[in-house]
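The structure comes first, then the notes.

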Amino acid sequence: DYQSLHHEPTKTSEESAKIRGVDLSTGGKALVLKYLNDSNDNDESNTFGIFVMSASRKLHTKAIKKEFQVQECPVCQCRRASRIDRRASSR
(Lines give C-alpha, C1' and ligand atoms only; values in the text may rest on other atoms or scores of the structure.)
Protein backbone atom coordinates (compact mmCIF):
# COMPACT_ATOMS: atom_id res chain seq x y z
CA ASP A 1 0.00 0.00 0.00
CA TYR A 2 1.07 3.56 -0.54
CA GLN A 3 -0.22 7.01 0.25
CA SER A 4 0.01 9.96 -2.10
CA LEU A 5 0.98 13.19 -0.32
CA HIS A 6 1.11 16.60 -1.96
CA HIS A 7 2.96 19.66 -0.68
CA GLU A 8 4.45 22.92 -1.83
CA PRO A 9 7.73 22.71 -3.76
CA THR A 10 10.85 22.44 -1.59
CA LYS A 11 14.56 22.91 -2.22
CA THR A 12 15.74 19.69 -0.57
CA SER A 13 14.57 16.14 0.03
CA GLU A 14 15.02 16.75 3.75
CA GLU A 15 12.51 19.62 3.65
CA SER A 16 10.01 17.45 1.76
CA ALA A 17 10.31 14.60 4.26
CA LYS A 18 9.83 17.00 7.19
CA ILE A 19 6.69 18.50 5.64
CA ARG A 20 5.28 15.03 4.96
CA GLY A 21 6.18 13.87 8.47
CA VAL A 22 8.03 10.78 7.21
CA ASP A 23 11.55 9.39 7.23
CA LEU A 24 13.79 10.67 4.44
CA SER A 25 14.34 7.12 3.11
CA THR A 26 10.65 6.73 2.21
CA GLY A 27 10.83 9.39 -0.50
CA GLY A 28 12.41 9.58 -3.92
CA LYS A 29 14.01 12.28 -6.00
CA ALA A 30 14.63 12.83 -9.69
CA LEU A 31 17.62 14.87 -10.82
CA VAL A 32 18.22 16.15 -14.34
CA LEU A 33 21.92 16.47 -15.16
CA LYS A 34 23.43 18.35 -18.06
CA TYR A 35 26.32 16.48 -19.70
CA LEU A 36 29.14 18.87 -20.63
CA ASN A 37 31.88 17.65 -22.97
CA ASP A 38 33.50 20.85 -24.16
CA SER A 39 33.90 24.46 -23.18
CA ASN A 40 30.78 25.42 -25.14
CA ASP A 41 27.95 25.55 -22.60
CA ASN A 42 24.91 25.85 -24.88
CA ASP A 43 21.96 23.47 -25.04
CA GLU A 44 22.63 22.58 -28.68
CA SER A 45 25.96 20.87 -28.00
CA ASN A 46 25.02 18.96 -24.83
CA THR A 47 22.59 16.29 -23.73
CA PHE A 48 20.77 15.62 -20.49
CA GLY A 49 20.26 12.60 -18.25
CA ILE A 50 17.65 11.95 -15.57
CA PHE A 51 18.43 9.97 -12.43
CA VAL A 52 15.72 8.73 -10.05
CA MET A 53 16.86 7.56 -6.65
CA SER A 54 16.01 7.27 -2.98
CA ALA A 55 15.77 10.69 -1.33
CA SER A 56 18.22 9.50 1.32
CA ARG A 57 20.97 8.78 -1.23
CA LYS A 58 23.61 11.19 -2.52
CA LEU A 59 24.43 11.50 -6.20
CA HIS A 60 28.01 10.47 -7.06
CA THR A 61 28.87 12.65 -10.03
CA LYS A 62 32.39 11.20 -10.32
CA ALA A 63 30.92 7.79 -11.18
CA ILE A 64 28.41 9.33 -13.60
CA LYS A 65 31.15 11.28 -15.40
CA LYS A 66 33.15 8.09 -15.81
CA GLU A 67 30.19 5.94 -16.94
CA PHE A 68 28.85 8.47 -19.46
CA GLN A 69 32.29 9.78 -20.47
CA VAL A 70 31.58 13.45 -19.80
CA GLN A 71 33.78 16.16 -18.31
CA GLU A 72 31.09 17.68 -16.09
CA CYS A 73 27.49 16.87 -15.14
CA PRO A 74 25.92 19.68 -13.13
CA VAL A 75 22.33 19.48 -11.94
CA CYS A 76 20.26 21.19 -14.60
CA GLN A 77 18.84 24.51 -13.50
CA CYS A 78 16.78 24.90 -16.65
CA ARG A 79 13.00 24.54 -16.74
CA ARG A 80 13.01 22.14 -19.66
CA ALA A 81 15.53 19.47 -20.61
CA SER A 82 14.28 18.12 -23.91
CA ARG A 83 17.08 15.64 -24.62
CA ILE A 84 16.99 13.08 -21.82
CA ASP A 85 19.65 10.37 -22.19
CA ARG A 86 17.69 7.11 -22.31
CA ARG A 87 20.76 5.06 -21.31
CA ALA A 88 20.31 6.24 -17.74
CA SER A 89 16.91 4.56 -17.43
CA SER A 90 18.36 1.15 -18.22
CA ARG A 91 21.05 1.17 -15.55
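The points below cover the salt bridges, then one serine.

This is a predicted model. The salt-bridge count comes to two.

**Lysine 58 and glutamate 14**
- Lysine 58 sits in the loop between strand S2 (47-54) and helix H2 (61-68), while glutamate 14 belongs to helix H1, so the pair ties together parts 44 residues apart in sequence.
- Lysine 58 counts as exposed because its relative accessibility is 58%, and the cut-off for exposed is over 50%.
- Glutamate 14 has 41% relative accessibility, so glutamate 14 counts as partly exposed.

**Glutamate 72 and lysine 65**
- Glutamate 72 counts as partly exposed, at 43% relative accessibility.
- Lysine 65 has 24% relative accessibility and also counts as partly exposed.
- Buried would need under 20%.

**Background on charge pairing**
- Side chains of opposite charge can pair when their charged atoms come close.

**Serine 16**
- Serine 16 is part of helix H1, which spans residues 13-20.
- Its relative accessibility is 11%, so serine 16 counts as buried.
- Leaving out residues up to four places away in sequence, serine 16 touches His7 and Thr10.

How values were computed: Residues are numbered from 1 along each chain as its sequence is written. This is a predicted model: local features need pLDDT of at least 70, side-chain atom pairs count only at pLDDT 80 or more; totals for chains, interfaces and linings use all residues. Side-chain values use heavy atoms; hydrogens and water are left out. Helices (H or I, at least four residues) and strands (E, at least two) are DSSP runs, numbered from the N terminus. Buried means under 20% relative accessible area, exposed over 50%, partly exposed in between (1.4 Å probe, protein chains only). Contact means heavy atoms within 4.5 Å. A salt bridge is a side-chain nitrogen of Lys or Arg within 4 Å of a carboxyl oxygen of Asp or Glu.
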